Amino acid sequence: MTQSPLSPDPMPPPPAANSRGRMIPVLILLGVAVIGAVLLRDELSFQALADHRADLIALRDAHYGLAVLGFVLAYVGLVAFSLPGATVATLTGGFLFGVFPGVFYNLAGATLGAVLLFLAARAGFGARLAARIEMQGGVVARLRAALARNEWEVLFLMRVTPIVPFFMANLIPALLNISLAKFAITTAVGIVPGALVLTSVGSGL
């Protein structure tokens, strides 16, 4: 039976439209990161933590569950949008909630924020960039192949050592099309030592 001309098959959007759509999350993250770095620079500092110390303690004591939720969500936003103040946030987690369970709240916020940034970057250009690298070959392709053979070790090394900035350690795996599971596991486990140290310092403030 022939199809009625009045009900044609839906046409898929052109590749250019798909490409622009995938870039929207990345553009949003970049825009918020720039605006936040300018507007929130003084609000995400040690001085701001000292200035709001009494208010934060009062909120925690009056509404503990709300304080935990708000803290974790704020930490997720800091990391996902690559805003300054992640170190101050980790100290705040220890200051408000102690080493335990504060370190778990810090780890949850940092890991979830990193995963969101990773997913946005990979959706924007990670998979296509990795495919182009494989097609073109050369030094970059060989580097990608070497990383593929030692993904766990390299990802853990990027987290444990301070050589690679935290936000770059979130972006590089996305650009190389590393699997989400490997990224999430190495992030959650690899940042434990640093988070534990800073949370412990924060608990003594």
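**Salt bridges**

I started with the charged pairs in this predicted model, taking a Lys or Arg side-chain nitrogen within 4 Å of an Asp or Glu carboxyl oxygen as the test. By that rule I get two salt bridges. The background idea is simple: side chains with opposite charges can pair when their charged atoms come close.

D61 comes out at 55%, which means D61 counts as exposed.

Next I checked K182 with E151. Their side chains meet in a salt bridge, with 2.7 Å from N to O. Which parts does this pair tie together? K182 belongs to helix α10 (residues 180–190) and E151 to helix α8 (residues 151–160), so the bridge links parts that are 31 residues apart in sequence.

**Two stops on helix α6**

I moved on to T111, which lies in helix α6 (residues 99–136). The relative accessible area of T111 is 12%, so I put T111 down as buried. What does T111 touch once its neighbours within four places in sequence are left aside? I find contacts with A184, T187, A188 and I191.

F118 is also placed in helix α6. Its relative accessibility is 0%, so F118 goes down as buried. With the neighbours within four places in sequence left out again, I list N170, P173, A174, I178, S179, L180 and F183 as contacts of F118. I also looked up how F118 stands to F167: they are 49 residues apart in sequence, and their C-alpha atoms are 9.5 Å apart in space.

**The whole chain**

I then stepped back to the fold. How many helices and strands are there? I count 11 helices and zero strands in the protein. Read from the N terminus, the elements go α-α-α-α-α-α-α-α-α-α-α.

For contacts with a separation of 6 or more, 80% come from residues 24 or more positions apart.

**Surface**

The accessible surface of the protein is about 11900 Å², and I have 72% of that belonging to carbon and sulfur atoms. I wanted a nonpolar patch to look at, and found one on the surface made of F100, F104 and L196. Together these residues have about 330 Å² of accessible area. F100 is found in helix α6, and its relative accessible area is 56%, so I mark F100 as exposed.

**Confidence check**

The mean pLDDT of the protein is 80, with 68% of its residues reaching 70 or more. Over residues 12–17 the pLDDT is below 50, and beyond near neighbours in sequence I see one contact for this stretch in the model.

Note on methods: Residues are numbered from 1 along each chain as its sequence is written. Side-chain values use heavy atoms; hydrogens and water are left out. Buried means under 20% relative accessible area, exposed over 50%, partly exposed in between (1.4 Å probe, protein chains only). Helices (H or I, at least four residues) and strands (E, at least two) are DSSP runs, numbered from the N terminus. Contact means heavy atoms within 4.5 Å. Accessible areas come from the Shrake-Rupley method with a 1.4 Å probe; for residues, only the protein chains shown count as cover. Patches are made of residues with over 30% relative accessible area and no salt bridge: like charges are joined within 9 Å, nonpolar side chains (Val, Leu, Ile, Met, Phe, Trp, Tyr) within 5 Å. pLDDT is the predictor's confidence in each residue, from 0 to 100.
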